[in-house]
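Student: Could we go through this one together, a piece at a time?
Tutor: Gladly; let us have it on screen.
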Amino acid sequence: MNIRCLARGGVCLLILDRPRALNALSDALIAELGEALDRIEADDAIGCVVLTGSREVFAAGADIKEMSRRTYTSVYMEDFITSGWERVAACRKPIVAAVSGIAFGGGCELAMMCDFVLASDTARFSLAEILVGTIGGTQRLTRSIGKSKAMEMVLTGREMTAAEAERSGAVSRVLPVADLLDEAVGTAERIAVLSRPVVMMAKECVNRAYETSLQEGIRFERRVFHASFALEDRSEGMMAFMERRPPRFTHR
């Protein structure tokens, strides 16, 4: 097994667990991650996911030993990287990346596929694919931090510290390494107690802003906002606010 799954109330903690390979993202690990996310999507008790590694390593990147044996024909026919890897980005439930230590190459890309990133003060990010004769991560990183800094990182493979990543907008917050996991789980718990359909709607709207023009994004948000008025949770949330009590969401 390359992944450990731990349930904490409404949160599922997914831990990358290939310590001898620095959590390199092998075919088997990616397949297990996809299967875990399929189960999480189908589990009504889970409202949010935390994806993490160890204190020293989030993920060192794709498994170069596996990748080195591939050919153009094999990667094209298998749709390598797209197939399986994008399952994280496609998950409808929120995924919080808790990144400590190195997140290089595909590990950096995996973190960027999550909905937001909490990083320890020891985290380091790099798109080092160019150093082994290929490319990767050019699209998400550029959208996160802008062309100039992304171009420098992609063309040089240099590392970005957690502090620089926060300044650049690649991560949401930087925390002491000892506090990272507890804060990530606590953040996920705050999300998990909210209305599941509304959380999914909000996530979809933010992603639409990331991918479309302002006017298209606003139009989409308005339609989803209107749709929320069909939810029992919307009625309960507003009633609870007026009655000055915690809402009792039923996820309907």
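Student: Which residues of α1 are buried?
Tutor: Bearing in mind that this is a predicted model, the buried residues of α1 are Leu29, Ile30, Glu32, Leu33, Gly34, Ala36, Leu37 and Ile40.

Student: And what span should its 16 residues have?
Tutor: Helix α1 covers residues 27-42 and, at 1.5 Å a residue, should span 22 Å; its end C-alpha atoms are 23 Å apart, which agrees.

Student: Which strand pairs with β5 over 4 bridges, and is the sense parallel or antiparallel?
Tutor: Strand β3, residues 48-52, pairs with β5 in the parallel sense over 4 bridges, and within that pairing Leu51 stands opposite Ala97 of β5. Strand β7, residues 116-120, is also joined to β5 by 4 bridges, and these two strands run parallel; here the bridge partner of Ala98 is Leu118 in β7.

Student: What about Val57, buried or exposed?
Tutor: Val57, which lies in strand β4 (residues 57-59), has a relative accessible area of 9% and is therefore buried, the cut-off being under 20%.

Student: What does Val57 touch, not counting residues up to four places away in sequence?
Tutor: On that basis, Val57 touches Leu22, Asn23, Ser100, Gly101 and Ile102. Asn23 is 34 residues from Val57 along the chain, and the C-alpha atoms of the two are separated by 7.0 Å.

Student: Switching topic, how many aromatic pairs does a search of the whole structure find?
Tutor: The search finds 2 aromatic pairs. One of them joins Tyr72 and Tyr76, whose ring centres are 5.8 Å apart and whose planes lie at 20°, so the pair is stacked.

Student: Where are Tyr72 and Tyr76, and how many residues apart?
Tutor: Both are in helix α3 (residues 72-78), where they are 4 residues apart and so separated by about one helical turn. As a general point, an α-helix has 3.6 residues a turn, so residues three or four places apart point the same way. Tyr72 is exposed, with a relative accessible area of 63%, and Tyr76 is exposed as well, at 57%.

Student: Why is the pair of Phe225 and Phe229 edge-to-face?
Tutor: The ring centres of Phe225 and Phe229 are 5.2 Å apart and their planes are at 80°, so this pair counts as edge-to-face, for which the cut-off is over 60 degrees. Phe225 is partly exposed at 47% relative accessibility, and Phe229 is partly exposed at 41%.

Student: Which ring does the charged end of Arg70 sit over?
Tutor: The charged end of Arg70 sits over the ring of Phe80, 4.0 Å from its centre. There is also Arg208, whose charged end sits over the ring of Phe220, 4.0 Å from its centre.

Student: Last one: is Glu109 buried or exposed?
Tutor: Glu109, which is found in helix α6 (residues 106-113), counts as buried because its relative accessibility is 15%.

Student: Which residues is Glu109 in contact with, leaving aside neighbours within four places in sequence?
Tutor: With those neighbours left aside, Glu109 is in contact with Gly137 and Arg140.

Methods: Residues numbered from 1 in each chain as written. Predicted model: local features only at pLDDT ≥ 70, side-chain atom pairs only at ≥ 80, totals over all residues. Heavy atoms only, no water. Buried < 20%, exposed > 50% of the residue type's maximum accessible area, 1.4 Å probe, protein only. Contact = heavy atoms within 4.5 Å. Phe/Tyr/Trp six-rings, centres within 6.5 Å; stacked < 30°, edge-to-face > 60°. Lys NZ or Arg CZ within 6 Å of the ring centre and 35° of its normal. Pairing = 2+ DSSP bridges. Expected span 1.5 Å × (residues − 1).
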